[in-house]
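Visitor: I'd like a close look at one part of this model, please. Take me through it slowly.

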Amino acid sequence: MAIGEDTRSRILDAAIEMMESSGEASIRVATIAAKLDIAEPSIYHHFTNRAALVEEAYAEWYWRCLEIQVPMATVMALVDNREEYLSAIFKSVTWSYQKDRHAARAVRITVLGAAQRNPQLAKTINDINRQFLASVADSMKEAQKRKWVRSDLDPMATAYWVHGQILGRVVAEMDEGFVDLEHWDALSYEVISTILRP
Amino acid sequence: MSVIEDTGEGALRVQKIAESVGVREPSVYHFFKNREELVEAAHIERYRRSHLEMVRPFQAGAALADNAEDFRRIVKKILSLVYSAEREDIRSTRMSVLGAAQTSPKIAEAIRQINFEVFSKVAEVFATAQEKNWIRKEVDPLAAAYWINGQILGRVMAEMDKERVDLDKWNQISETAVSYFLFG
């Protein structure tokens, strides 16, 4: 890795860390410079301005939390029949429901939320969503060919719908103790299975 | 709040708000420390109203339902209102406020209170319908209220990408899911 690239990713790491603890507004270029022991202008060498830095930090943060998802292409190579496929889809959703994954789920809402008021960020996040969900949609098409999934479902719409379950879970978790999350999960799986099964 | 709705957040000038409610500018600052705090409060209030706007017709519709079929029709009707094109902006506000809540304990607490208030109301309607055998017994009313709200957030993500996602098809999937969820 080039030295320049290393500095760039350290700057992004520092910005993400600030967002994690106190939100976007807490990002200060001067603080990052001091923390990394570099001069402020070298931050502007990598990012045109603070807004550009914030945007790239959001995108990087979002991408990292999607990366931990089970890659669907791999899943398709491992499954041999309908039950195995449906269970793999469940697992890819449950995977993100794990307790220690809460931060990753919350990041999605944070970044999607920020994108609602920032058209440029929305475009970047959209590209990431497309790229990620296109692989889920591809697996869905393949599963339809094999008659594992209902043939009348639109693969991309279905991929977005299944993924949307994860966002709803975050809101239920915000009110921990108030909502029975196990029950929520059981219902969620049941519905996903009913939607997909031919 | 109506200033934000008409002209966007950037246009929100404290002086204008003071004028529109007929008070002097310093009185606005008596309630809100600064412009940021005012914007934040306005978004939270918009979040609350956006829920109540849909919860009230749902309560009314359910109260008027005579049988399971009526109730199903009401659910379908409310869902189509919730997903309507006119409400795209308010759906986006929900996501935006929830996003801000993830890194601000203060906003998170305000949101928790609103969620509790509105989802309890929805859960009450579900519980009543359950007593009448209009929705399935296994469903916990409160979990159902949260789950259905989650559908709306999924819709926001899908409609960010209108070119690639067929939203009518997405709606069909969601409608089938909600229907199965409640009625089996």
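Visitor: Which residues in the largest nonpolar core touch the most other members?

Guide: Keep in mind that this is a predicted model. The largest nonpolar core has 98 residues, and the ones that touch the most other members are A:Val111, A:Tyr160, B:Ala144 and B:Tyr146.

Let's zoom in on A:Tyr160. Leaving out residues up to four places away in sequence, A:Tyr160 touches A:Leu133 in chain A, along with B:Gly154, B:Met157, B:Ala158, B:Val165 and B:Trp170 from chain B.

That takes us to the contact between the chains, where chain A puts in 41 residues and chain B puts in 40. On the side of chain A that touches chain B, the elements giving two or more residues are α1 (3-22), α7 (102-115), α8 (119-145), α9 (155-174) and α10 (181-196) of chain A. Of these, α9(A) gives the most, with 13 residues. By type, that side of chain A splits into 21 nonpolar, 14 polar and six charged residues.

Now for the partner. Of the 184 residues in chain B, 35% are buried. And if you take the contacts in chain B with a separation of 6 or more, 58% of them join residues 24 or more positions apart.

Definitions and conventions. Residues numbered from 1 in each chain as written. Chains lettered and ligands numbered in written order. Predicted model: local features only at pLDDT ≥ 70, side-chain atom pairs only at ≥ 80, totals over all residues. Contact = placed C-beta atoms within 7 Å. Helix = DSSP H or I, 4+ residues; strand = E, 2+ residues; numbered from the N terminus. Nonpolar A, V, L, I, M, F, W, Y, C, P; charged D, E, K, R; others polar. Core = buried A, V, L, I, M, F, W, Y, C linked by C-beta atoms within 7 Å. Buried ≥ 20, exposed ≤ 12 C-beta atoms within 10 Å, placed from the backbone.
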